[in-house]
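Take a brisk walk through the model shown here. Keep the helices in view as you read.

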Amino acid sequence: MEEAKRLIIELFSEIAKIHGLNKSVGAVYAVLYLSNKPLTISDIMEELKISKGNVSMSLKKLEELGFVKKAWIKGERKNYYIIVDGFTSFKDVVKKKYNLIVKAYEDLKKLEESCSEEEREFIKQKIKGIERLKKVSEKTLELFDELEKCNIR
């Protein structure tokens with residue numbers, strides 16, 4: 001079980017890096033993802049062996065992104081954190097990227113119609129790459145829809 005936890009923490013840490021975030025943001029998310037109960041900053045610090053400041057900054061970033069939220073526990077004064085249920089936050093990020101890709105695609109198509117032959121050839125080549133991005137984003141959104149249907153967290 002510890003090896004599985006380590007692999008999941010590494011996975012989310014690397015995903016965070018790919019998205020230009022600190023590895024600790026991914027690691028904090030992974031610890032919350034792996035937990036069956038809400039966790040405090042101290043719990044996360046203990047699990048990851050990182051500083052309070054690092055955990056606090058990571059949680060703040062995750063809250064801004066909509067991946068985690070505070071959970072209220074009766075009689076407790078500490079802040080507890082949980083991940084947002086399901087893949088909706090990840091899906092929202094993919095949807096935002098998809099919308100940006102579609103807008104760029106449509107803008108390039110319009111531009112293609114009103115430019116010189118030389119420019120048109122350049123734009124056609126770029127549109128092909130953006131079409132691939134668009135298809136990948138569409139497939140990713142379909143995958144999230146399927147995951148939601150299966151109620152996978």
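**Salt bridges and a helix crossing**

Lys-134 and Glu-138 are four residues apart in helix α6, so about one helical turn separates them. Helices here are DSSP runs of H or I with at least four residues, strands are E runs of at least two, and both are numbered from the N terminus. This is a predicted model, in which local features need pLDDT of at least 70, side-chain atom pairs count only at pLDDT 80 or more, and totals for chains, interfaces and linings use all residues. Residues are numbered from 1 along each chain as its sequence is written, and side-chain values use heavy atoms, with hydrogens and water left out.

Lys-134 and Glu-138 form a salt bridge, with their closest N and O atoms 3.5 Å apart. The term requires a side-chain nitrogen of Lys or Arg within 4 Å of a carboxyl oxygen of Asp or Glu. Glu-138 is partly exposed at 26% relative accessible area. On that scale, buried means under 20%, exposed over 50%, and partly exposed in between (1.4 Å probe, protein chains only). Elsewhere, salt bridges with shared partners link Glu-3, Arg-6 and Glu-10 into one network. The whole structure holds eleven salt bridges.

Helix α6 spans residues 117–150 and also contains Arg-120 and Glu-117, three residues apart, about one turn of the helix. These two form a salt bridge, with the closest N and O atoms at 3.1 Å. Arg-120 is partly exposed at 21%, and Glu-117 is exposed at 52%.

Now go to helix α5, residues 88–113. Glu-112 and Lys-109 both lie there, three residues apart. Their side chains meet in a salt bridge of 3.9 Å, N to O. Glu-112 counts as buried at 11% relative accessibility. Lys-109 is partly exposed at 32%.

Next comes a helix pair. The axes of α2 (residues 23–34) and α3 (residues 41–48) come within 10 Å and cross at roughly 105°. The two are therefore roughly perpendicular, a label for angles of 65 to 115 degrees. Axes are lines fitted to C-alpha atoms, for helices over the stretch in contact, and angles run from 0 to 180 degrees between N-to-C directions. Ala-27, Val-28, Val-31 and Leu-32 of α2 make the contact with Ile-44, Glu-47 and Leu-48 of α3; contact means heavy atoms within 4.5 Å.

Thr-40 sits in the loop between α2 and α3. Is Thr-40 buried or exposed? Thr-40 is buried, at 3% relative accessible area. Leaving aside residues up to four places away in sequence, Thr-40 touches Lys-78, Asn-79 and Tyr-80.

How values were computed:
Parallel < 35°, antiparallel > 145°, perpendicular 65-115°, else oblique.
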